[in-house]
Amino acid sequence: MAQAAAKHGENHAHGHDHGHHDPQELKVLGFWFFLISDVILFSVLFATFIVLRDNTAGGPVLSELIKMPGVIAETFILLTSSFTSGLAVLAMNQGKVKQLISWLAVTAVLGAGFIALEVTEFIELIHEGFSYTTSAASGAFFTLVGTHGLHVSLGLIWMIGLMLQLKKRGITDVTRGKINVISLYWHFLDVVWIFLLSIVYLMGVM
Amino acid sequence: MLERLKEFASEFFVTGDPLIYGADVAIGITMITIVAVLTYFKKWGWLWRNWLTTVDHKKIGIMYIIASIIMLFRGGVDALMMRLQLAMPNMDFLHPEHYNQVFTTHGTIMILFMAMPFMFGLFNVIVPLQIGARDVAFPFLNALSFWLFFLGAMLFNLSFVIGGSPDAGWLSYPPLSELSHSPGVGQNFYIWGIQISGIGSLATGINFLVTIIKMRAPGMKWMKMPMFTWSVFSTCIIILFAFPILTVTLALLFLDRFAGAHFFTLDLGGNPMMYINLIWMWGHPEVYIVVLPAFGVFSEIVSTFSRKKLFGYKSMVFAMLIISFLSFFTWAHHFFTMGSGADVNAFFAITTMLIAIPTGVKIFNWLFTMYRGRIRMATPMMWTLAFIPCFIVGGMTGVMLSVAPADFQFHNSYFLIAHFHQVLIGGVVFGYFAGLYYWWPKMFGFQLEEKLGKWAFWTWNIGFYVCFMPQYAVGLMGMTRRLSTYGWDTGWWELNFVSTIGAFLMGVGFLFQVAQIADGIRKYKSLKASADPWDGRTLEWSIPSPAPEYNFAITPRGDDVDEWWEEKERRAKGIYPPEQPLEPIHMPKNSAIPFVMSIFWFIAGFGFVFGWLWMAILGLAGVGICMIARSFSYDTDYYIPVDEIKRTEASLRGSV
């Protein structure tokens, strides 16, 4: 991804950036560093969850409440949305604005579907007596999964903003850089979810 | 109605302490004065255009340093109040609760709101100049980082007069910092002040990593980079890996306090030890974050004032990178006594001792650089020389503390206090002072007169030893930290009294520095600095003082570590670089968004502090709107035309 983005930066290098470096290339590198910091952020939340997950203080145990069908559906939806965001970048590289916007729209709809399922899951858990303040374990669970959900939700708002900009300005060096960055972000959220699926859900029910 | 208002005000404002009433009056008078002066001289527009909305890295750097010096004053006054309370047994100057607040804010302010911004100030002013760049990679983000730091620091300081200060120590260990033990808003001020400025610090780390990786002058390979830039690079790596840990840790603590979670509480499965592990996973690397740039400063100064190439350049670079790696494997030495077990303690004892090796390598490199050098004793060099013995003693007591069994004796005693003040003042503060004196002419275009600077140097240094050497002794005699009073029977009072005298001497040193700067500002016209007042070696000395907003009219080359020195030698031999035509320069436009967005962060933070959700949501919505506004703005840069560059260069140099 980054290589493709960097290559593009070279091909469309600005005609007059005297001594200045391609700003889009800088942004993509900066975004990679941001993602590293986000990896650390999630690592700390994972570590906290692993340390605290058995500290249920006599309250409900997460592994007994997990409903795998819902989780698997969430997984498929998010993986598909990562794929469609890839298709969006492909369309962008072919210069097809309309196709690009529609793939982004599909991605956003899938993302919204994921959030809807997650919220439903949360509400069910709370009904079962496993709420945020029940125990250290429940708080750690909601914080970890919720932080991922918050990331996805912010990504959705961001994506809508970018679709509006694409409508107005089409594919330019600047919008191309922005789409490359959000696509990186979206794939990253997908990777984080795989870890959530394995550590929180699969290791919980197995 | 009036009764309720009165009740609210008595909870909202801190009351009942004459010291705080005094501070209220002082703050009020200062604010009125600032507003009056700005209005009288019609400077509001100037302030807005030149400072509040600037994206120029040099101006941002200067603002960081000014803010940091103000915080040094506040943290210093905290320190003097503590020393006054401890000067004699059974003193009744500060009550225990007030004393707790004072040592908490002293530690927090000195590390996070004094050392960090001072460091970022030096980063900002110098790094782009040293690597031959026009700006940092993300100028807008850079301005945002500054304003986040500044408003975070202001939010923290507000606790002094509104709501009450935090009092659970500079790292806010639970359960002391939990709602059960600290029901007031002080801890919330702590969390949000640090959280907001911490986001800025992380962004600065990323910004400078990209700047150093991508924006070096042509020819400047990795092993040609000036040593200060190397120190910034290794520091930014630590920031990138350490600061997200702090962000999460404080967020979790806040969720405990605000949303009723149980991460670190004593009940319902919470684990306070988890917090202590996490906070030190950030906190120990943080120590190296603030000290590595000081090492970079010393390297530049030793080389310049010895008129010699830095000895062992490569070993310096590797030492720095090894320190930044090892810094992540030492955190548990902060709680050897908390029952981690012998294996864990042994591991962390060894990694802690290992750090002494690269540090020792650096000390020897500085000594060998001075060996047979033609040394000049200007103030930057004096601070550097003072640092070396100070850091050796501080380092050796550090190794003493790192011996886990021995630490059971020293733990949380004044021996520890003396150790970390010796490395943090001797390393960090001396280093940044040296850097400030060294780069002062480059920042402001005039030189400071040395006389008052030397007075400051000697009072600071003598004061330092008088203050902290007795603390080692009193620590071994059993005096523990965070103690607000003690009795005559302890036998500690003589040493404490001497220590207090030393602290006040350092305060006098600070006053000398203020006088030196004030004197310099008064006479700045007669003290005008040349482009290269110290006969420097790196690229920042090749351009006028102060640097023009575009830094380099023509992109320089960086083929050698001491590129400017080599260039001067070549010129002395009559070899001049080929004439290059000037071209229009691409620059970022000023923006009000960083300032406005940080104000919204402040509003959100204030809302969270008092649990006023409406205000927090309002603030966060403002932040979101600012982000969207930035994303939708495309008109963010401009070109400086050739004519204007010619005019600027001519007025600065006399010719192009």
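Of the 206 residues in chain A, 49% are buried, where buried means under 20% relative accessible area, exposed over 50%, and partly exposed in between (1.4 Å probe, protein chains only). This is a predicted model, in which local features need pLDDT of at least 70 and side-chain atom pairs count only at pLDDT 80 or more, while totals for chains, interfaces and linings use all residues. Residues are numbered from 1 along each chain as its sequence is written, chains are lettered from A and ligands numbered from 1 in the order in which they are written, and side-chain values use heavy atoms, with hydrogens and water left out.

Chain A has seven helices and zero strands, which gives the pattern α-α-α-α-α-α-α along the sequence. Helices (H or I, at least four residues) and strands (E, at least two) are DSSP runs, numbered from the N terminus. The C-alpha trace of chain A spans about 65 × 35 × 25 Å along its principal axes. Among the contacts in chain A with a separation of 6 or more, 81% are between residues 24 or more positions apart; a contact means heavy atoms within 4.5 Å.

The accessible surface of chain A is about 9100 Å², and carbon and sulfur atoms account for 69% of that area. Accessible areas come from the Shrake-Rupley method with a 1.4 Å probe, and for residues only the protein chains shown count as cover. Chain A carries 11 positive and 14 negative charges, whose mean positions are 15 Å apart. Lys and Arg count as positive and Asp and Glu as negative, with His and the chain ends not counted; each charge is placed at NZ of Lys, CZ of Arg, CG of Asp or CD of Glu.

A nonpolar patch on the surface includes residues of both chains: Leu150(A), Leu154(A), Ile157(A), Ile160(A), Leu164(A), Ile628(B) and Phe632(B), with about 660 Å² of accessible area together. Patches are made of residues with over 30% relative accessible area and no salt bridge, like charges being joined within 9 Å and nonpolar side chains (Val, Leu, Ile, Met, Phe, Trp, Tyr) within 5 Å. A salt bridge is a side-chain nitrogen of Lys or Arg within 4 Å of a carboxyl oxygen of Asp or Glu. Helix α6 (136-169) of chain A and helix α20 (613-632) of chain B each supply at least two residues of the patch, and the largest share, five residues, comes from α6(A). Leu150(A), in helix α6 of chain A, counts as exposed because its relative accessibility is 52%.

In chain B, Gln471(B) sits in helix α16 (residues 450-476). With 3% relative accessibility, Gln471(B) counts as buried. Leaving aside neighbours within four places in sequence, Gln471(B) is in contact with Arg83(B), Tyr414(B), Phe415(B), Ile417(B), Ala418(B) and Ser499(B).

Several loops of chain B have backbone features to check. The peptide bond from Pro174(B) to Pro175(B) is cis, with omega near 5 degrees, and Pro175(B) lies in the loop between α6 (139-158) and α7 (186-214) of chain B. The bond from Ser545(B) to Pro546(B) is also cis, with omega near -10 degrees; Pro546(B) belongs to the loop between α17 (493-522) and α18 (563-572) of chain B.

Lys42(B), a residue other than glycine, has a positive phi near 50 degrees and is in the loop between α2 (18-40) and α3 (44-52) of chain B. Lys42(B) counts as exposed, at 72% relative accessibility. Asn412(B) has a positive phi near 55 degrees and counts as partly exposed, at 25% relative accessibility.
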